[in-house]
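Below are some notes on the aromatic contacts and the nonpolar surface of this model. Please read them with the structure open.

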Amino acid sequence: MKHYCILLAVMVTVAIGTASAQKGLQGIGVNIGMLTNLVDELENVSLHDHVAPIIDVKYQYGISKIYRIEPYVSVKKLEGEVGFGAGINNHFFFRGIKRFRPYGLVGIGYNSMKFTDIQWVVQPIPVESHGLYVRGGLGIDYRFTHQWSMQAELSCDWHIGGEYVFVFIPFKVGVAYNF
């Protein structure tokens with residue numbers, strides 16, 4: 001009887017430890033990708049043909065098996081200038097801990113952009129936009145091992161702060177080291 005109690009205690013400890021490890025899984029990583037502008041409010045100006053590179057550095061923390069938060073900072077090169085951003089994404093997984101997990105993405109952040117090469121009718125004008133944005137999209141998370149995973153995301157960013165309204169469509173792929 002004593003052996004069964006010890007075995008039960010070990011099994012419960014292992015089960016709790018495994019659940020905690022999956023629930024509190026953390027990761028650090030990098031995303032790289034491209035973004036394009038879908039909508040802008042600049043008259044006689046179109047940024048639609050421009051594609052800009054973007055790099056994110058991210059931290060991931062699993063709140064539960066189906067919910068993860070991801071604070072990040074990003075750098076993008078738009079129209080010859082560098083833009084900076086920071087925010088937090090919320091990943092809502094469509095299924096629990098598995099090797100391949102699709103997720104919905106909702107986030108909010110702050111972005112600082114400056115365009116100096118925009119042609120307004122005849123002469124270039126500088127345009128700056130600083131403010132909040134909201135993000136919505138879809139992504140996938142694929143685990144190579146327990147420590148390494150890859151993500152791919154397609155989202156839509158609505159820049160609602162600042163003088164102008166922009167809607168960007170970023171596509172990013174990334175890798176994360178999980179611990």
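1. W148, Y177 and F179 are joined into a cluster by ring pairs. The model is a predicted one, and the values here are computed from it.

2. The structure has five aromatic pairs. In one of them, F93 and Y103, the ring centres are 5.3 Å apart and the planes stand at 70°, which is over the 60 degrees required, so the pair is classed as edge-to-face. F93 belongs to strand β4 (residues 81-93) and Y103 to strand β5 (residues 100-120), so the contact ties together parts ten residues apart in sequence. F93 counts as buried because its relative accessibility is 6%, and Y103 is buried at 0%.

3. W148 and Y177 also form an edge-to-face pair, with ring centres 5.1 Å apart and planes at 65°. This pair links distant parts of the chain, with W148 in strand β7 and Y177 in strand β8, 29 residues apart. W148 is partly exposed, with a relative accessible area of 42%; Y177 is partly exposed as well, at 34%.

4. Two charged side chains lie over ring faces. R68 is placed over the face of Y103, 5.8 Å from the ring centre. K172 is placed over the face of Y72, 5.7 Å from the ring centre.

5. A nonpolar patch on the surface is formed by V30, I32, I55, V57, V73, L154, F171 and V173, which together have about 670 Å² of accessible area. Two or more of its residues come from each of β1 (26-40), β2 (51-62) and β8 (166-178). L154 sits in strand β7 (residues 148-159) and counts as partly exposed, at 47% relative accessibility.

Technical notes: Residues numbered from 1 in each chain as written. Predicted model: local features only at pLDDT ≥ 70, side-chain atom pairs only at ≥ 80, totals over all residues. Heavy atoms only, no water. Patch = residues over 30% accessible without salt bridge, like charges linked within 9 Å, V, L, I, M, F, W, Y side chains within 5 Å. Areas by Shrake-Rupley, 256 points an atom, 1.4 Å probe, with all protein chains shown as cover. Salt bridge = Lys/Arg side-chain N within 4 Å of Asp/Glu carboxyl O. Helix = DSSP H or I, 4+ residues; strand = E, 2+ residues; numbered from the N terminus. Buried < 20%, exposed > 50% of the residue type's maximum accessible area, 1.4 Å probe, protein only. Phe/Tyr/Trp six-rings, centres within 6.5 Å; stacked < 30°, edge-to-face > 60°. Lys NZ or Arg CZ within 6 Å of the ring centre and 35° of its normal.
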